[in-house]
Amino acid sequence: MRLLSVAVLVITWWTASLYVGNTRLPPPPEVLEAMLTEAKSGALFINLGATLARVALSFVLAMTLGTAIGYWMGRVRLADRLGDPWLILLLNLPALVVIVLAYIWAGLTEAAAIAAIAINKLPTAVVTLREGTRALDPALDEMAMIFAFPRGRAFRHVVLPQLAPYVAASARSGLALIWKIVLVAEYLGRPNGVGFEIGVAFQLFDIPLLLAYSLSFAVVVFVIETALVQPFEARLSRWRPRAA
């Protein structure tokens, strides 16, 4: 069914290019040719690699901090009250503003880009994990206390399995968000990456090149989602009973 869906997309794209003209919407063969040219020169793989590295670093940083802060806010009422205004501010602060401020304050550096991307993802991770922590079953905590579980063992065997679906949901939504923010950060202030190349293509009005990088990136995201994210989510949720 997925192959059929892709085939319908390609046919629709090709048909639309016949109506609007090659200058506005190049047909699939023209975009494929641009993609192969970039791949042969090595530029495609270098830029995809740079973007994926930024995605990975930002994702790990945001998820690690977001999980820790969300769990803390879910467990400690004072931390929740103190942190909630900051959380609301970050949730409603546009990603563009964060990226621009990071570049102004820290310069057009790799660290500034990764920090800005991570900050944009951080509040959604905190919110998800805070709600997951609030939903923990108190009876299971009492059981761990009665059986005198060491704190580390109780966290691993009692808390983590309950938080696993929330971690998986946060990871999945976080990746979907980070992909988009990384391209903006690269477009505004990095010398390589898919976002940078899309910016160059825009300045040159090179639509085949723009679509070549966009689709290449979309294919990579699709593969990661199918091969890594979905199996990871299914594995973390395997202990939950399935609906009949």
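L96 is partly exposed, with a relative accessible area of 47%; partly exposed covers the range between buried (under 20%) and exposed (over 50%), using a 1.4 Å probe and protein chains only. L96 sits in helix α5. Helices here are DSSP runs of H or I with at least four residues, numbered from the N terminus.

A quick word on the source: this is a predicted model, where local features need pLDDT of at least 70, side-chain atom pairs count only at pLDDT 80 or more, and totals for chains, interfaces and linings use all residues. Residues are numbered from 1 along each chain as its sequence is written, and side-chain values use heavy atoms, leaving out hydrogens and water.

Now the patch. L96, V100, I104, W105, V184, Y187, L188 and F202 make a nonpolar surface patch of about 840 Å². Two or more of its residues come from each of α5 (95-106) and α8 (151-189), and α5 gives the most, with 4 residues.

Zooming out, the protein has 10 helices and 0 strands. Some whole-protein values:

| Item | Value |
|---|---|
| Span of the C-alpha trace along principal axes | about 70 × 50 × 30 Å |
| Accessible surface (Shrake-Rupley, 1.4 Å probe) | about 14600 Å² |
| Buried share of the 244 residues | 36% |

Carbon and sulfur atoms hold 71% of that accessible surface.

Definitions and conventions: Patches are made of residues with over 30% relative accessible area and no salt bridge: like charges are joined within 9 Å, nonpolar side chains (Val, Leu, Ile, Met, Phe, Trp, Tyr) within 5 Å. A salt bridge is a side-chain nitrogen of Lys or Arg within 4 Å of a carboxyl oxygen of Asp or Glu.
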